[in-house]
Amino acid sequence: MSRSLHFVFWGITFLALTLSFGPSYGGYAQSFFFVCFLFPVIVGTSVVFNAVLVPRFLLQRKYGRFALYSVYALVFSVYLEILVMTLALVVFANYQYERMNPKTTDLLFLTVVMYLLVFANTIAFLLQAYFQGQRTVETLRTKQENRRRGVLIVKSQRRNISLDHQAIRYVESVGNYVRIHVSPGQPVLTKEKLGVLEERLPDSFLRIHRSIVVNRDHVSSFNRETVQLGDLELPVSRKFKDAAMECLMDPGNGLDASRL
């Protein structure tokens with residue numbers, strides 16, 4: 001779940017627990033404070049399950065470890081509940097057990113309530129992971145289809161623009177924007193990140209600088225410091241020099257490396 005949904009979920013949970021314990025306490029003040037004691041145990045147990053056990057073991061199909069660590073988490077959470085019950089006995093009943101709220105002395109009841117809430121959060125987590133996976137698969141299919149068709153689709157001035165791969169000469173990062181230089185035509189300005197666009201482009205595009213990706217098919221000549229795109233000269237940075245040279249030196253490129 002997103003952070004805002006987490007706050008909503010746990011806020012509603014806290015309110016529901018306070019209201020449910022209130023009548024048996026004869027008032028909501030003690031119910032509120034008891035839930036304040038119990039709530040960190042519930043949230044902590046949920047975090048262990050949904051942030052550690054589920055993604056690291058259940059979703060990775062490590063079922064044995066998931067079951068083992070789940071038992072550990074159960075034992076530890078029950079131990080913390082006993083501490084909460086002891087604290088409530090001291091604070092609310094002055095060590096007099098008969099004055100305790102029956103619901104707050106029922107360890108089984110508290111454990112069932114806690115794990116119902118934990119599993120509700122787990123189901124929400126798994127549903128989110130499933131739908132995110134579906135969206136990721138759909139996004140990958142779209143990218144693959146666009147690569148197969150030889151086009152790059154970017155958003156510019158609130159419009160989706162389709163650019164032919166062969167028409168793109170180079171792509172450069174300029175401040176908060178990325179400028180896509182095409183031939184023929186005017187450059188296209190977009191707010192998409194250079195690294196994201198690089199991943200969506202085919203292997204004929206290579207990074208030669210922190211802020212520049214060039215289309216190898218438009219490179220007419222090169223050396224270890226610059227690449228030439230017709231009458232335009234672009235710098236090659238030290239960080240990307242070796243990888244760029246290896247790609248450009250491929251004999252199948254048909255490029256002029258005489259100035260090396």
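**Entry 1. Conventions**

I took two strands as paired if DSSP finds at least two bridges between them. I took helices (H or I, at least four residues) and strands (E, at least two) as DSSP runs, numbered from the N terminus. This is a predicted model, in which local features need pLDDT of at least 70 and side-chain atom pairs count only at pLDDT 80 or more, while totals for chains, interfaces and linings use all residues. Residues are numbered from 1 along each chain as its sequence is written, and side-chain values use heavy atoms, with hydrogens and water left out.

**Entry 2. The sheet E8-E9-E10**

I looked up an open sheet of 3 strands and found the order E8-E9-E10 with antiparallel pairing. Strand E8 (221–222) and strand E10 (232–235) stand at the edges with a single partner strand each, so one side of each has no neighbour in the sheet. E8 pairs with strand E9 (residues 226–229) over 2 bridges, in the antiparallel sense. Within this pairing I noted that phenylalanine 222 has valine 227 of E9 as its bridge partner.

**Entry 3. The hairpin of E1 and E2**

I counted 6 bridges between E1 and E2, which run antiparallel. Valine 151 stands opposite aspartate 164 in E2. The hairpin has 2 residues between its strands. Glutamine 157 lies in the loop between strand E1 (151–156) and strand E2 (159–164), and arginine 158 is placed in the loop between E1 and E2.

I then checked phi. Most residues other than glycine have a negative phi. Glutamine 157 has a positive phi of about 55°, and arginine 158 has a positive phi near 65°. I used relative accessible area for exposure (buried under 20%, exposed over 50%, partly exposed in between; 1.4 Å probe, protein chains only). Glutamine 157 is exposed at 73%, and arginine 158 is exposed at 84%.

**Entry 4. A cis peptide bond**

I found a cis peptide bond between serine 183 and proline 184, with omega about -5°. Proline 184 sits in the loop between strand E4 (177–182) and strand E5 (188–190).

**Entry 5. Salt bridges**

I counted a salt bridge where a side-chain nitrogen of Lys or Arg is within 4 Å of a carboxyl oxygen of Asp or Glu. The count comes to 5 salt bridges.

Glutamate 172 forms one with arginine 179, at 3.3 Å between the closest N and O atoms. Glutamate 172 is buried at 17%, whereas arginine 179 is partly exposed at 28%.

Glutamate 192 pairs with arginine 200 at 2.6 Å between the closest N and O atoms. Here glutamate 192 is partly exposed at 21% and arginine 200 is buried at 14%.

Arginine 224 and aspartate 242 meet at 3.3 Å, N to O. Arginine 224 lies in the loop between E8 and E9 and aspartate 242 in helix H6 (residues 238–248), so this pair ties together parts 18 residues apart in sequence.
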